Amino acid sequence: MKRLLTIILFFILLLTFSSCGQSKKQEVVIGVMPDVNSVPFIIAAEKGLFDEQDVDVDVQLFMSAVERDTALQAGKIDGCVSDILAAVFSIQGGFDVKITSVTDGDYILLASKDSGISSIQQFKAADIGLSTNTVIEYTVDSIFEKNGIKENEINKVAVPKIPIRLEMLENGKLKGACLPQPFAALAQSKGAKVIAASSQQGLAPSVMVFSSKALGQKKQELKKIYKAYNKAVELINSSPASFVELTIEKAKFPAEVKDIFQLPHYENAKLPKEEDVQDVLNWMKEKGLLKQELQYKNMVEKGLYDDRGF
């Protein structure tokens, strides 16, 4: 009897240690937006690339930045496609997030069809539709500053909702507007002229962020996610046209852009440059939006992928 009990206890202990040695796979929930920045995450999910890395990922689409940020701060998602300004606002609001990579978005400055504007210099005193205290306004200010135009030389018109901004541009109620893709492509198809783009001006304010909680508890899963992300980038870049229809469907882009929209060339995951983050911080400080001193080294998370030795 003692021998039997010993054997039973041995197997119980063996099973206990065996189960302890197995790490439970944790789900990672990522929030994306209906924009080009989100496409690699969407394609990774649709093509089973997360499954290939043995990581459980739920990609959720949000139709507004407010809903996205609310979900992040409520802990309903672990991370999201965002921008440096939104990351700063979260940190200042007491919610600790880290920037984990740049995303490949583009913000386009356009002139309306009948505006007669064909250069950045001609925007002086013209009405320009944008959303204030956002990455869009930062982009507009930066484009003009890089081209020697001061903020007081342009007339900003606050139009927060993108569809209304697009409609006002089309109807000539605005001579100019700044729009993200694919809405810029839609405006261009209806006669608007592209004057400048954030990517052409060397601006890179779009980023991926994760909560510090997720980074602390799910780091191994996040490393696998970035492997899948880089694989998605490789697939998209190999044949971008073949992913347009799937992107429009899953990202809920306007159906009208099907024949005119082109996916950008995506880059493998990498951290934003320190000067790009500092430029945003400086702009926010000048606007009275920066409530505390922040340092690049404390805002980014290294070690999730091979980023120039990080």
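**View 1. The whole chain of a predicted model****.** In this predicted model, local features need pLDDT of at least 70 and side-chain atom pairs count only at pLDDT 80 or more, while totals for chains, interfaces and linings use all residues. Residues are numbered from 1 along each chain as its sequence is written, and side-chain values use heavy atoms, without hydrogens and water. The chain holds 13 helices and 10 strands. Helices (H or I, at least four residues) and strands (E, at least two) are DSSP runs, numbered from the N terminus. The C-alpha atoms fill a box of roughly 95 × 45 × 35 Å along the principal axes. Of the 310 residues, 49% are buried. Buried means under 20% relative accessible area, exposed over 50%, and partly exposed in between (1.4 Å probe, protein chains only).

**View 2. An open sheet of 5 strands****.** The strand order is β7-β6-β8-β5-β9, with mixed pairing. The edge strands are β7 (155-158) and β9, and each pairs on one side only. Two strands pair if DSSP finds at least two bridges between them. Neighbouring strands are turned by 30° against each other on average, direction ignored. Strands of a sheet pair through backbone hydrogen bonds, either parallel or antiparallel.

**View 3. Strand β5, residues 107-111****.** Here 5 of the 5 residues are buried, so the strand is largely enclosed by the rest of the structure. Tyr107, Leu109 and Ala111 point one way from β5. Ile108 and Leu110 point the other way. In a regular strand the side chains alternate between the two faces of the sheet.

**View 4. The two partners of β5, strands β8 and β9****.** Strand β8 (residues 176-180) pairs with β5 in the antiparallel sense, over 5 bridges. Look for Leu109 opposite Cys178 in β8. Strand β9 (residues 193-197) also runs antiparallel to β5, joined by 4 bridges. Here Leu110 has Val194 as its bridge partner. Ala111 stands opposite Lys193.

**View 5. Helices α6 and α7 across the strands****.** Helix α6 (residues 135-146) lies across β5, β6 (127-130), β7, β8 and β9. Its direction is at about 65° to β5. Helix α7 (residues 162-170) lies across β5, β6 and β8. Helix α7 runs at about 140° to β8. Axes are lines fitted to C-alpha atoms, for helices over the stretch in contact (heavy atoms within 4.5 Å). Angles run from 0 to 180 degrees between N-to-C directions.
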